[in-house]
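Hi there,

Here is the structure I promised to pass on to you. Have a look at it first, and my notes follow below.

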Amino acid sequence: MRALFLLILAVAGLTAPAAAETVYLTAGRMLDVKTGRYVENPAILITDGTIMEIGTQGALTAPANAEVIDLPGHTLLPGFIDMHTHLTGKATLHGYRRLGVSSGDKAVTAIVNGEKTLAAGFTTVRNLGSGGYEITSVRDAINRGEIDGPRIFAATVSLGGTGGHCSDNNLLPPEAEAVGEGVADGPWALRAKVRQNIKYGADLIKICSTGGVLSKGTIPGVQQMTEEEIRAVVEEAHMRGLKVASHSHGTEGIKAAIRGGVDTIEHSSFLDDEAIRLAKRHGTALSMDIYNTEYILGEGEKAGMLEESLAKERVVGGRQRESFTRAVEAGVTVVFGSDSAVYPHGDNPKQFSRMVRFGMTELQAIRAATITAAEVLGQGEWLGQITPGYAADIVAVTGDPLEDITALEGVDFVMRDGKVYKDAR
């Protein structure tokens, strides 16, 4: 009996809950993205990855068991959210170069790019499309703490019709019989693809309702899915609790996607007045990658982009920036989306300055990557703000990002879920 008692005590000791991990974080100031005001000399108490209390230094003191992190001269902000990334892709591999990339290569690439993205201050991303399901394995490994990276919401395989942008493989000749994993024609075939994506771990669904820039044989302004097909995808996804993002450059494809019920429009290049009114009426958010045109036109040829793609970008890039300005002026919800992999991962923050240059205030641009992005993502109750009850996703920069948004291009400190991944001390 004594031996049994000792065994019970030993097992109880092994299974007893670990002591709470407490962090006491201070800095020069903190931006409250909700009010748009700075809190001077903030003090933040974090327990097990959750923000428990916020005060000021002196008024809120560190518990005896807390790890103290002091960042004098730094500004704290919520961890950034990039609503359009492709972690499995490389900016140096475009066009025909992509044909030699294996599933294993993509998984390794996603791990490397995830670390770069996190180091740049992006603690959460939406990964909007990959050729297969590799990204779910990377997401799950990050969630288990086995590798470092941002919190990933994965769209897995992009869906669309035969020959369409981002769903099909148009690079090879007919005898190769190459068909993309996400190809489906007609409402019921697309519903089946939605179910397949969910089966293999998708957090949301991505469709491609128009042609694109970086695909062979498609035209960005041309609609490539019917409204009936779009609505079928949306109904199936929403029934299962998943949101839908639509790659949409062309005007009619944008409007069809909005009427079909998608949650976000990606790229949104050729907006007209009706498209803007529809987006406002339906509460559809726009994600507009207005930095990467510079990389495409400056570095795209060296990266393997087809001349066809470069020619399309010469038209699309300028129109997209005009549409961005119009959408912001009209009060449409616009979120931060970089389309990284078109340009190098880790350079995501360069988008902020372009958002300001083409119509946003500095605060609007920051909100687009924090509180607004979290709400559109459906995670606004625990991400996107530095406030009690929220995940301790916090970054720090020097300088004043409300005066000079380029300060966000030099993140010195990154914390996700209370764990420090980049330390300025």
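By a nonpolar core I mean a set of buried Ala, Val, Leu, Ile, Met, Phe, Trp, Tyr and Cys residues joined through side-chain atoms within 4.5 Å. Please keep in mind that this is a predicted model.

With that in hand, the largest nonpolar core has 58 residues, and the members that touch the most others are Ile205, Ile207, Leu286 and Phe352. What is Ile205 in contact with, leaving aside its neighbours within four places in sequence? Its partners include Ala155, Leu159, Val194, Val233 and Leu242, along with the polar residues Asn197 and Lys243. There is also a second, separate core of 16 residues, and Ile51, Leu71, Leu76 and Met415 are among them.

Next, the strands. Strand β14 (residues 394–398) has four of its five residues buried. On one side of the pairing list is β5 (residues 67–78), which runs antiparallel to β14 over five bridges; there, Thr75 has Val397 of β14 as its bridge partner. Strand β15 (residues 413–416) is also antiparallel to β14, joined to it by three bridges, and Val395 is bridged to Val414 of β15.

Finally, the surface. Tyr96, Leu99 and Leu172 make a nonpolar patch of about 260 Å². Leu172 sits in the loop between β8 (151–154) and α4 (187–199).

Enjoy exploring it!

Notes
Residues are numbered from 1 along each chain as its sequence is written. This is a predicted model: local features need pLDDT of at least 70, side-chain atom pairs count only at pLDDT 80 or more; totals for chains, interfaces and linings use all residues. Side-chain values use heavy atoms; hydrogens and water are left out. Patches are made of residues with over 30% relative accessible area and no salt bridge: like charges are joined within 9 Å, nonpolar side chains (Val, Leu, Ile, Met, Phe, Trp, Tyr) within 5 Å. Accessible areas come from the Shrake-Rupley method with a 1.4 Å probe; for residues, only the protein chains shown count as cover. A salt bridge is a side-chain nitrogen of Lys or Arg within 4 Å of a carboxyl oxygen of Asp or Glu. Helices (H or I, at least four residues) and strands (E, at least two) are DSSP runs, numbered from the N terminus. Buried means under 20% relative accessible area, exposed over 50%, partly exposed in between (1.4 Å probe, protein chains only). Contact means heavy atoms within 4.5 Å. Two strands pair if DSSP finds at least two bridges between them.
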